[in-house]
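Thanks, everyone, for making the time this morning.

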Amino acid sequence: MKQPTILVAEDESIVGWDLRDTVEEAGYAVEGPFVDISSAMLSYQKHKPDLAILDVQLSDGNVFPLAERLMAENIPVIFHSGHYQPDEVHKRFPGSTSLCKPCPPADIIQSVHDALGN
Amino acid sequence: MRDDSDPRPTRPAQTYTAFDEPSDRLGVEHAADAFPGSPGMLFKQAMAQTRMSICLTDPHLPDNPIVFANRAFRELTGYRDDELIGRNCRFLQGPKTDPAPVAAMREALANEDVVIVEMLNYRKDGSTFWNALHLGPIYDETGKLAYFFGSQWDVTDLRVARAEEQHARMMARELSHRMKNMFAVISGIVNVTGRMRGVEREAAEINDRIQALGRAYETTLDDAASGTIEIGNAIHAILDPYGRKGAPLELRGNGARVPFSVVSIVGLVLHELAANATKYGAWASDTGSVTVDWNSPEPDETLVIEWRERGGPAIDPDAVAAGTGSAIVDRILRTASGTIERKWNPEGFEAIVSIPLRG
């Protein structure tokens with residue numbers, strides 16, 4: 001089976017770096033980390049990922065429109081945020097997963113497994 | 001004194017007579033409103049004594065002028081009776097008065113509705129105040145519109161407090177965001193460094209501690225202005241991830257307020273107890289449970305937290321004591337002049353943590 005690809009958007013570079021390493025160690029391919037919505041959008045249009053981990057507030061705006069497009073194509077989204085409470089995100093995206101920053105790597109991987117149905 | 005408390009308008013003459021005997025037009029002799037004694041006296045005394053600013057306007061006179069204003073109205077606006085009577089209330093408005101509540105007020109007057117609006121009004125000296133204006137029609141006994149009643153309440157302080165509260169909430173939210181971000185960056189640094197150095201396990205252990213602290217600090221933001229914090233909120237947040245994973249946890253204490261300075265101690269100590277319970281104690285088995293209780297200390301007293309495990313496997317004290325966690329707990333508590341008493345009872349591990357509060 002092909003290695004699943006995960007799109008990572010995170011504007012805090014060290015957090016993005018850590019996310020990339022965390023996800024790669026668990027055996028996934030990573031697109032990113034993208035620091036803004038425009039570059040994440042560009043990557044998504046070139047190559048559809050199997051899942052996305054998105055910080056809610058990126059340097060050029062709110063990630064919700066991108067999340068809507070991903071979910072419209074049945075790409076699961078995990079929100080990773082310090083700005084929004086999980087229940088706030090849940091109201092808008094009932095099917096999504098939300099992780100509160102700072103989130104232990106093990107919880108991130110568990111959420112990825114769950115979202116991909118492993 | 002007597003002069004000032006006398007609400008009788010000095011002019012114009014026709015309104016004076018009307019208010020000398022208000023019962024004639026206000027309908028206070030109606031059966032339902034019957035008072036013993038003179039209604040005119042009651043009206044005068046009540047109007048003179050109330051701190052609620054009140055005026056009446058006569059819609060049958062041109063431009064619906066004020067025909068009566070009580071002492072509180074004069075004190076609030078700074079105008080004398082002879083400057084008030086006969087004028088439409090709009091002279092209280094000024095350049096910064098929002099037209100929207102004024103329009104709502106006009107509509108209510110036109111429809112003989114009751115309405116409450118808040119608007120910026122101007123005193124005689126030009127200073128402004130926020131007026132919560134309540135107005136409504138008064139009918140005579142035949143059901144005919146007699147007057148409009150207006151009560152004015154200065155809500156300037158209330159509005160300032162509301163604005164400050166809103167600002168404080170916004171700041172707390174932003175602060176919370178930045179703090180979570182900061183903890184996320186610190187965690188990131190620890191993880192990344194751990195991987196580069198090949199010490200991922202140690203890095204993970206450090207991160208668990210940092211994250212327990214982060215959760216504890218997060219709960220203190222709402223109390224940021226007060227100096228003390230409700231420790232129960234922090235205890236809940238510290239232990240929440242363990243509870244969420246299905247580990248039975250009962251938190252009994254509540255309401256205790258402590259100085260902010262003990263948050264990090266409580267955070268680190270409870271994290272180690274929870275980590276040990278997960279590795280060796282009640283949470284290492286499916287049947288175990290943990291109860292945490294804490295007291296409500298007086299300032300300058302001691303915060304006591306009781307940690308009680310039940311239903312776990314038999315514990316080997318040496319294995320627990322050898323962990324770095326216990327050494328860290330002992331060291332932190334010693335620095336804070338606190339103590340921990342550990343008991344390996346047959347029914348489960350217990351710890352009593354005492355932390356003196358420096359007022």
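What you have on the screen is a predicted model, in which local features need a pLDDT of at least 70 and side-chain atom pairs count only at pLDDT 80 or more, while totals for chains, interfaces and linings use all residues. Residues are numbered from 1 along each chain as its sequence is written, and chains are lettered from A and ligands numbered from 1 in the order in which they are written.

Let me start with chain A, which has five helices and seven strands, where helices (H or I, at least four residues) and strands (E, at least two) are DSSP runs numbered from the N terminus. Along the sequence these elements follow the pattern β-α-β-α-β-β-β-α-β-α-β-α. Of the 118 residues in chain A, 42% are buried, a residue being buried if 20 or more other C-beta atoms lie within 10 Å of its own, exposed if 12 or fewer, and partly exposed in between, with C-beta atoms placed from the backbone.

Five strands of chain A form an open sheet in the order β2-β1-β3-β6-β7, with parallel pairing; two strands are said to pair if DSSP finds at least two bridges between them. The edges are taken by β2 and β7 (97-100) of chain A, each with a single partner strand, so one side of each is left without a neighbour in the sheet. Neighbouring strands are turned by 15° against each other on average, direction ignored, with axes being lines fitted to C-alpha atoms, for helices over the stretch in contact, and angles running from 0 to 180 degrees between N-to-C directions.

Within that sheet, strand β1 (residues 5-9) of chain A is joined to β2(A) by four parallel bridges, and A9(A) stands opposite F34(A) in β2(A). Helix α1 (residues 13-25) of chain A packs on the sheet, touching β1, β2 and β3 (51-54) of chain A, and its direction makes about 175° with that of β2(A); contact here requires that the C-beta atoms of two residues, placed from the backbone, lie within 7 Å.

One detail of β2(A), residues 29-34, is that P33(A) lies in this strand, and the peptide bond joining G32(A) and P33(A) is cis, with omega about 0°. As background, most residues other than glycine have a negative phi, and most peptide bonds are trans.

Turning to chain B, strand β5 (residues 145-154) is joined to β1(B) by five antiparallel bridges, with C55(B) opposite G150(B). Strand β4 (residues 128-139) of chain B also pairs with β5(B) in the antiparallel sense, over nine bridges, and L133(B) has Q152(B) as its bridge partner.

Where does D63(B), which has a positive phi of about 65° although it is not a glycine, lie? D63(B) is in the loop between β1 (53-57) and β2 (66-69) of chain B, and it is exposed, with 11 other C-beta atoms within 10 Å.

Finally, the contact between the chains takes 15 residues from chain B and 12 residues from chain A. On the side of chain B, the elements giving two or more residues are α8 (156-197) and α9 (200-218), and α8(B) gives the most, with 12 residues.
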